[in-house]
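Thank you all for making time this morning.

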Amino acid sequence: MHFLLWLVLQSTAALAVPTDYAFTHVPSRFQTRELTASSRALGETCLSRGTMPDGTICNPAFLPELNESTLLGRLYLGNGYAALSTANNFIYQPLSKEFLQELFTRQNVTSLEAHAGLSFSSRYFSAEFSPYRVQYTHEVHNPNNAVIAIHAAVEKSFALSAGLPLSALDSALDGFSFGAKLRVLSRDFVHGRFSMFEVAASEEARSLLPMRSQTAVFVDPSVAWTSEGPWKKRVSFGFSNLGRVWPEDPLYPEPADLGFGLGLEPPVGFGSLKLGIDFAELLHGESAMGRFRSGLSYRFGIVEAMAGYNQSATTVGLQFGFQLIRVGIVYEFLRADLEGGLSNRIATEMSAAL
Amino acid sequence: MQNSKFNQRAFALLAIPLCFAIQGGCREKAATPHPITEAYSLMDLGENEKAILLLEDTVTAAPDNTEARVLLASAYAGTAGVDVYRLHSSFQDLLFQQPLSGHFWGGKDGPPGEADPEQATRQFRPLEKPDEAAKSKTPLERAIHRLDLFLNDAREIAMFLDRFPRISPERWPLLDKALEHLMMEDPTPDIRLYRSFLRVIYLKSFLDDALFANLGLGTREWACQIRLYEFRDDLTWTSSMLFHISDDLTKVFPKRSMSLNAFHGTVEALVTELQMSQENAPSGSRTGLLALEKTIKEVFYCAEVK
């Protein structure tokens, strides 16, 4: 416990990102850890939520609740599909001036998120492998002297989670459980802005957007309590990002933090209803509203309707779960993108139980 | 079961105060956007005048803030009517799609950095080495010869500058302000390029107004209306603009030659010729330029022109 507190306090100094200045931060929705239709549609609640609509578990402390083992292949695609090759070019290809110049001729705001992954979940244990998660956004500003802001990142990650009921240790701890997730990720990204004139005057296109890389190892332990009975109340505490990132980069501060979740599953006549409220980033969140996340879902038959709210977005979504194939669709009403203001996004997810 | 209830209460009692203590303890950040962020938003909406007010304050408070100064310059340029999006095809054409050598830079369509020194020498007419034929001419013949060369080059440059917008004279002070904010010690290449573009647009607007607007340019009627003092001042300003454009572009692309140099050489030669006419004025005349003007009008029989 002392070690955990030391890690939490140690990381306080890492919050040096000037978020009130143009183009100096990553869009808030790109900072989310889980990129799935369920997580997005539920306002990115995690700690308060037991089983997610896609059958996986976000909070490892709830792993003992899982009754079935699933192996899920997942493909998530946010809108702006055309930008996929652009994002890959930024990370994997040599940059040319012509390529950068051509960006000025595109839409003023383009955004894309995509994720491909494989996850295995069973009672007490889960593993996820995500070989490809891409984020890309660009915004063109100031028609008088056009400036483009670009963020492109490709991540690979691997996560192992385990959860145990604490009643196994002491019957007095009935209803309590403990879980932890170990995450290893590697990230390549470019982030910057430049004007048309900077492109024209530059000798080397890559110098305008140098590639940066990070590797991180994190542990996210959590403790949860679930009530018995029809309402299935949940309370959960969790630490996040206990670990190390190297090299550190102010764009992705990822300081160790603390979260708190409250969940409820009120009995309804038909189907099942789940509500959850998370208070995430309690130590380093930017504002009270920035810490607040909420989500609800209602499942009836093969359809699960979801809605979520957090500071970045209001979301609605649907998840259709067939025997093998699951399809999710999320509509996001974004409040703040990079600098682009209000906008809407649609994302789809296809997953297959293998 | 009793244990469980005890745990529930203990958990809740522990959880809620801890949560709110942490919530309250964290400092809220101000929601006011940074002036530069706000200025970008205003200019995205085309509200350049509001952006100017905002950025003037920022620049006054922090004169070394290069980003604010460039942004302010662009707001002035936008108010003057220089809109990069509207000029996109010109910029694309000039900067990106076609080799620059076809426009600003004379010579081959080679990759960046490849110069054509022969062409640069051929096109530039240095003042120190006037052509031999001109040496034997009288001051009047030399002036008319230089004027002829100037008009010839001006016609070519007019075709090149045609792609840029004409900014009306009442908006030139806005261009002055834009350029003033772009004048800084050791500017980056993009700032040099940006102010070169503003100067090219300014130059085009000025030449349009002072020269090309006259449909009779180069005709006897035009020669008869010429006011050499004003003309010399116009040429001096033009030469100064060309010098700054050339200086900036040479520093951005040091290995390239520029066809604008040829025009600059012609203008400079004519200015020098007019200057010499003034300095070598015959005794008794108030100014040499007025005398030259009078002689030109006599040569062209301007008294007969109505």
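Tyr76(B) sits in helix 4 (residues 66-80) of chain B, where helices (H or I, at least four residues) and strands (E, at least two) are DSSP runs numbered from the N terminus. Before I go further, please keep in mind that this is a predicted model, in which local features need pLDDT of at least 70 and side-chain atom pairs count only at pLDDT 80 or more, while totals for chains, interfaces and linings use all residues. Residues are numbered from 1 along each chain as its sequence is written, and chains are lettered from A and ligands numbered from 1 in the order in which they are written.

Is Tyr76(B) buried or exposed? It counts as buried, because it has 28 C-beta neighbours inside 10 Å; the rule is that a residue is buried if 20 or more other C-beta atoms lie within 10 Å of its own, exposed if 12 or fewer, and partly exposed in between, with C-beta atoms placed from the backbone. Leaving aside residues up to four places away in sequence, Tyr76(B) touches Ile52(B), Leu174(B), Lys177(B) and Ala178(B), a contact being two residues whose C-beta atoms, placed from the backbone, lie within 7 Å. Ala178(B) is 102 residues away from Tyr76(B) along the chain, yet their C-alpha atoms are separated by 5.3 Å.

Let me now step back to the chain around this residue. Chain B has 14 helices and zero strands. Of its 306 residues, 33% count as buried, and among contacts in chain B with a separation of 6 or more, 67% are between residues 24 or more positions apart. The domain assignment of chain B gives domain 1 (1-83) and domain 2 (99-304), with bounds that come from an automatic or database domain assignment. Between them, 11 residues of domain 1 of chain B are in contact with 13 residues of domain 2 of chain B. On the domain 1 side, the touching residues divide into seven nonpolar, three polar and one charged, where Ala, Val, Leu, Ile, Met, Phe, Trp, Tyr, Cys and Pro count as nonpolar, Asp, Glu, Lys and Arg as charged, and the others, Gly among them, as polar.

Next, helix packing. The axes of helix 8 (residues 139-161) of chain B and helix 10 (residues 189-212) of chain B are 11 Å apart, and the two pack at an angle of about 135°; axes are lines fitted to C-alpha atoms, for helices over the stretch in contact, and angles run from 0 to 180 degrees between N-to-C directions. That angle makes helix 8 of chain B oblique to helix 10 of chain B, since angles under 35 degrees count as roughly parallel, over 145 as roughly antiparallel, 65 to 115 as roughly perpendicular and the rest as oblique. The contact is made by Ala154(B), Ala158(B) and Leu161(B) of helix 8 together with Lys204(B), Leu207(B), Leu211(B) and Phe212(B) of helix 10, and by class it has six nonpolar, no polar and one charged residues.

Helix 8 of chain B also meets helix 13 (residues 260-279) of chain B, their axes coming within 9 Å and crossing at roughly 155°, which means that helix 8 is roughly antiparallel to helix 13. Among the residues of helix 8 in this contact are Phe150(B), Asp153(B) and Ile157(B), and the helix 13 side includes Phe263(B), Val267(B) and Leu270(B). The residues of this contact divide into 12 nonpolar, two polar and four charged.

Ile157(B), in helix 8 of chain B, is buried, with 23 other C-beta atoms within 10 Å. The C-alpha atoms of Ile157(B) and Leu207(B), 50 residues apart along the chain, are separated by 9.8 Å.

Finally, some backbone details in chain A. The peptide bond from Trp246(A) to Pro247(A) is cis, with omega near -10°, and Pro247(A) is found in the loop between strand 8 (242-246) and strand 9 (257-264) of chain A. Lys232(A), in the loop between strand 6 (212-226) and strand 7 (234-240) of chain A, has a phi near 45°, a positive value in a residue other than glycine. Glu281(A) also has a positive phi, near 50°, and lies in the loop between strand 10 (272-279) and helix 6 (288-291) of chain A. Lys232(A) is partly exposed, with 17 other C-beta atoms within 10 Å, and Glu281(A), with 19 C-beta neighbours inside 10 Å, counts as partly exposed.
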